[in-house]
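Thanks for coming, everyone. Let me put the structure up, and then I'll walk through the side chains.

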Amino acid sequence: MITLKNVSFEVEGHNILNDINMELKGGKVYGLLGPNGAGKTTLFKALLDIIEYKGEVFKGDANVIIGKLIEYPSFYPNLTCVENLKLHASYADMECNDSIVNHLLEVVGLPDAKHKKFKELSMGMKQRLGVAKALMGNPNLLLLDEPTNGLDPMGMKDMRNLIEQDLKDNQRTIVISSHNLNEVSLVTDTFLFMRNGKKILEIDNKEDIYMLGSVQQIPENTIIKQDITLLKDSKDNLYFILSEINFNKLKTTNDFVYSDVEKLTLENLYIRLMSTDLIEVKSYV
């Protein structure tokens, strides 16, 4: 498990990350969602320990190995896939031989392209080679920043299949940053929404429809409370967000008093979160 506690980072007085708290559990795929400038890539850099942030990042296992594909994959254009991977391994002081390289290229679907130069690859193939590089050393934390960026629909499908079938592992945590809500929703276990450097909502990806409404009274039952995610605005007005199934169960509860309920798709939920000041609260009042 990776735990971030009060992680902040600022540049010239501007908060790029603002008091981030989260737990990233093994075996799960997290979808990191937010507009440009929300702090997603900077959060990756904090996890990689390549910026001087405030706060703490606890990596439960001292032997955490991190693989990364951040922004556009960087390779030498005149070197082949095999040559690029071996060169990266030598720079990173990683064990590497023909068997390891061939296995990685097999995993990402590039066994027939191993002797092609990087400049000869399609955009989708370049992205997959970037994933192969990220997998070197068998990482237990994998950071993928916009892995479907620039890909056509077939390339997106190939990347999705790669994540679902080959990258997901009980011992590995995967965090995917993306603007493509539909694509990321197909492979993600949990959504992490960011806005203006803050994590504003964490919610499981279990439903296609979410119910958002205003709260007047919260049930006293502790078990029922656990199903309710609460948010508040800058005026301390309380709101709930629930899956449609859980909402239909809870609306029959006499002590759950609510109003102004909206039915939202993931896209509509994203738009609402990014256009308001709503933020998740962890305590019930």
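Start with a lysine and a ring. Lys 126 sits over the face of Phe 118, 5.2 Å from the ring centre. There is another such case: Lys 133 lies over the face of Phe 75, at 4.6 Å from the ring centre. Keep in mind that this is a predicted model.

Now the rings themselves. A pair of aromatic rings is described by the distance of the centres and the angle of the planes. How many aromatic pairs does the structure hold? Seven. One of them joins Phe 191 and Phe 193. Their centres are 6.1 Å apart, with 50 degrees between the planes, and the pair is tilted. Phe 191 counts as buried, at 1% relative accessibility. Phe 193 is buried too, at 0%.

Next, Phe 240 and Phe 256. Here the centres are 5.3 Å apart and the planes stand at 70 degrees, so this pair is edge-to-face. Where do the two partners sit? Phe 240 is in strand 12, residues 238–243. Phe 256 is in the loop between helix 8 (244–250) and strand 13 (257–265). They are 16 residues apart, and the pair links distant parts of the chain. Phe 240 is at 0% relative accessibility, so it counts as buried. Phe 256, at 4%, counts as buried as well. And the picture extends beyond two rings. Ring pairs link Phe 240, Phe 247, Phe 256 and Tyr 258 into a cluster.

One of its contacts is Thr 229, found in strand 11, residues 229–232. Thr 229 has a relative accessibility of 16%. Buried or exposed? The cut-off for buried is under 20%, so Thr 229 counts as buried. Not counting residues up to four places away in sequence, Thr 229 also touches Leu 201, Tyr 239, Ile 241 and Glu 280.

On to strand 5, residues 66–69. In a regular strand the side chains alternate between the two faces of the sheet. Strand 5 has a covered face with Gly 67 and Leu 69. Its uncovered face has Ile 66 and Lys 68. Strand 5 pairs with strand 6, residues 141–145, in the parallel sense over four bridges. In that pairing, Lys 68 stands opposite Leu 143 of strand 6.

Now helix 5, residues 153–167. First, the length. At 1.5 Å a residue, its 15 residues should span 21 Å; the end C-alpha atoms are 20 Å apart, which agrees. Which residues of helix 5 are buried? Gly 155, Met 156, Met 159, Arg 160, Leu 162, Ile 163 and Leu 167. An α-helix has 3.6 residues a turn, so residues three or four places apart point the same way. On the other side of helix 5, Pro 153, Met 154 and Gln 165 are exposed. What do the buried residues pack against? Helix 3 (98–107), helix 4 (123–135), strand 6, strand 7 (173–177) and helix 6 (181–185).

Last stop, Leu 110. Leu 110 is in the loop between helix 3 and helix 4. Its relative accessible area is 2%, so Leu 110 is buried. Leaving aside neighbours within four places in sequence, Leu 110 is in contact with Leu 105, Met 125, Arg 128 and Leu 129. As for Cys 96, it is 14 residues from Leu 110 in sequence and 17 Å away in space, C-alpha to C-alpha.

Note on methods. Residues numbered from 1 in each chain as written. Predicted model: local features only at pLDDT ≥ 70, side-chain atom pairs only at ≥ 80, totals over all residues. Heavy atoms only, no water. Phe/Tyr/Trp six-rings, centres within 6.5 Å; stacked < 30°, edge-to-face > 60°. Buried < 20%, exposed > 50% of the residue type's maximum accessible area, 1.4 Å probe, protein only. Lys NZ or Arg CZ within 6 Å of the ring centre and 35° of its normal. Pairing = 2+ DSSP bridges. Contact = heavy atoms within 4.5 Å. Expected span 1.5 Å × (residues − 1).
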